[in-house]
Amino acid sequence: MIQKLPSGARLRPWTPTDAPTLVALADDRAIWRNMRDQFPNPYTAANADFFLANVAPDSDRSLIRAIENADGQVVGSVGLHFKADVSRRSAEVGYWLGRAHWGRGLATEAVRALADYALATYDLARLYAVVFEWNPASGRVLEKAGFVLEARLRDAITKDGETVDGLLYARVRS
C-alpha cells in the first residue's frame, strides 16, 4: 500500500535501502524521549537493520509505513499495532518524525491518512495512542487527525528517569 497525502507526501513500505536515512533521523534523543523503550538511543545501523527486517512484510500484528515528504525523502514513520483477544477490534497508533521536519503538518497528515485507511480496510472499532504529558505537540497531531482525548492515565509512563502521566487519545469508527 502506497498512500499519497494532500501535501504531495506519501506513506509507503519501508525498504532495506532506507537504513542509512533511518539511522540519521532516528538517532536523536529528542525522538527517543517520546518513544517506548524498545526504540533505542543511540540508534545504530544494527538497530535499523533489525527494524527493517521486521517491518518489511505486512502482518496481522502491525502495519508500519515510512513517511516520505513531497521531495521523496524519508522523514519519519507511522504505524498501527493490532491488538488481540478482547481488544481485537483495536489498534494502537504510533508515529515519529525527524526533528528537522517537525511543525510542518506531516505527522498530522500521516496519522489521519493511516487512520482513515485502517478504519476503512480492517474490522477495527477503535484506534488509540498514549502521549507523554510533556509532549503536547503530539496531542495536537492526534486531535487534528480526528482523535479525542479520553483520559489522563496518572503516573502511567516511566521514561528517562521520570514517571509521568499518559494522555489517552482515541478515534472510533462511528
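**Figure 1. Aspartate 160 sits in the loop between strand S7 (148-159) and S8.** The model shown here and in the other views is predicted. Aspartate 160 is not a glycine, yet its phi is positive, about 55 degrees. With a relative accessible area of 30%, aspartate 160 is partly exposed. For background, most residues other than glycine have a negative phi.

**Figure 2. Aspartate 85 belongs to the loop between S4 and S5.** Its phi is near 55 degrees, again a positive value in a residue other than glycine.

**Figure 3. The peptide bond between asparagine 41 and proline 42 is cis.** Omega of this bond is about 0 degrees. Proline 42 lies in the loop between H2 and H3. As a general point, most peptide bonds are trans.

**Figure 4. The protein has five helices and eight strands.** In sequence order the pattern reads β-β-α-α-α-β-β-β-α-β-α-β-β. The radius of gyration is 15 Å, close to the 16 Å given by the globule rule for 174 residues, so the protein is as compact as a globular protein of that length. Along the principal axes, the C-alpha atoms fill a box of roughly 40 × 40 × 30 Å. Of the contacts with a separation of 6 or more, 59% are between residues 24 or more positions apart. Buried residues account for 46% of the 174 residues. The accessible surface is about 9200 Å², and carbon and sulfur atoms hold 51% of it. There are 22 positive and 21 negative side chains; the centres of the two sets are 4 Å apart.

**Figure 5. The largest nonpolar core contains 32 residues.** Leu80, Val111, Leu127 and Phe147 have the most contacts inside this core. At least two core residues come from each of strand S3 (62-68), strand S4 (74-82), strand S5 (90-97), helix H4 (106-121), strand S6 (126-132), helix H5 (136-144) and strand S8 (162-172). H4 gives the largest share, nine residues. Another core, of 18 residues, lies apart from the largest one and includes Met35, Phe39, Leu52 and Ile64.

**Figure 6. Valine 111 is among the residues with the most contacts inside the largest core.** Not counting residues up to four places away in sequence, valine 111 touches Val78, Val93, Tyr95, Val141, Leu142, Ala145 and Phe147.

**Figure 7. Helix H1 (residues 19-26) has buried residues at Ala19, Leu22, Val23, Leu25 and Ala26.** The cover over the buried residues of H1 includes helix H2 (29-32), helix H3 (45-55), S4 and S5. In an α-helix there are 3.6 residues a turn, so residues three or four places apart point the same way. Among the buried residues of H1 are Ala19, Leu22 and Ala26.

**Figure 8. Alanine 125 is located in the loop between H4 and S6.** Alanine 125 has a relative accessible area of 27% and is partly exposed. Leaving aside neighbours within four places in sequence, alanine 125 is in contact with Arg89, Arg171, Val172 and Arg173. Glycine 94 is 31 residues from alanine 125 in sequence, and the C-alpha to C-alpha distance between the two is 17 Å.

Terms used. Residues numbered from 1 in each chain as written. Predicted model: local features only at pLDDT ≥ 70, side-chain atom pairs only at ≥ 80, totals over all residues. Heavy atoms only, no water. Helix = DSSP H or I, 4+ residues; strand = E, 2+ residues; numbered from the N terminus. Rg over C-alpha atoms; globule rule 2.2 N^0.38 Å. Buried < 20%, exposed > 50% of the residue type's maximum accessible area, 1.4 Å probe, protein only. Contact = heavy atoms within 4.5 Å. Areas by Shrake-Rupley, 256 points an atom, 1.4 Å probe, with all protein chains shown as cover. Lys, Arg positive; Asp, Glu negative; His and termini not counted. Charge placed at Lys NZ, Arg CZ, Asp CG, Glu CD. Core = buried A, V, L, I, M, F, W, Y, C linked by side-chain atoms within 4.5 Å.
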